[in-house]
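Let's take a walk through this one together. Have a look at the fold first, and then we'll go through it piece by piece.

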Amino acid sequence: EPGYDSLAADRKPTLATSKSSPMLTLRFKNGCVVQLRASGTEPKFKYYIEMRGEPGVSRDEVEKELMGMSRLVLLEICQPEKNGLVVP
């Protein structure tokens, strides 16, 4: 089955995947989780990103860190210019 989960011992994804829409899940030490996949019905590459805040950390701080992680994923991991992708 196509897919990858960086935290799973066997590296297999816990979410459903298919050959037409494989999923890559990356989990970072700061608690950020990123899921990347190609659309099964459109010529699009989709990503989902989330981060849970810690007690005592303001929502603004968490959102700022999440936006930084989003930028990192888009620019450094996806490398849009190199791969012909359009950044939203």
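What share of the contacts in the protein chain with a separation of 6 or more comes from residues 24 or more positions apart? The share is 12%, where contact means heavy atoms within 4.5 Å. Bear in mind that this is a predicted model, so local features need pLDDT of at least 70 and side-chain atom pairs count only at pLDDT 80 or more, while totals for chains, interfaces and linings use all residues. Numbering starts from 1 along each chain as its sequence is written, and side-chain values use heavy atoms, with hydrogens and water left out.

Now for the layout. The protein chain has two helices and four strands, which are DSSP runs numbered from the N terminus (helices: H or I, at least four residues; strands: E, at least two). Starting at the N terminus, you'll pass them in the order β-β-β-β-α-α. Of the chain's 88 residues, 27% count as buried; that means under 20% relative accessible area, with exposed being over 50% and partly exposed in between (1.4 Å probe, protein chains only).

Next, the inside. L26, C32, V34, L36, M51, V62, L66, M69, V73 and C78 make up the largest nonpolar core, 10 residues in total. Such a core is a set of buried Ala, Val, Leu, Ile, Met, Phe, Trp, Tyr and Cys residues joined through side-chain atoms within 4.5 Å. Both β3 and α1 (59-77) give at least two residues to this core, and α1 provides its largest share, with four. Take C32: setting aside neighbours within four places in sequence, C32 touches L26, R27, I49, E50, M51, L66 and M69.

Helix α1 also holds both R59 and E63, four residues apart, or about one turn of the helix. These two form a salt bridge, their closest N and O atoms 2.9 Å apart; the rule asks for a side-chain nitrogen of Lys or Arg within 4 Å of a carboxyl oxygen of Asp or Glu. R59 counts as exposed because its relative accessibility is 64%, whereas E63, at 36%, is partly exposed.

Over in the loop between β3 (33-38) and β4 (45-50) you'll find S39.
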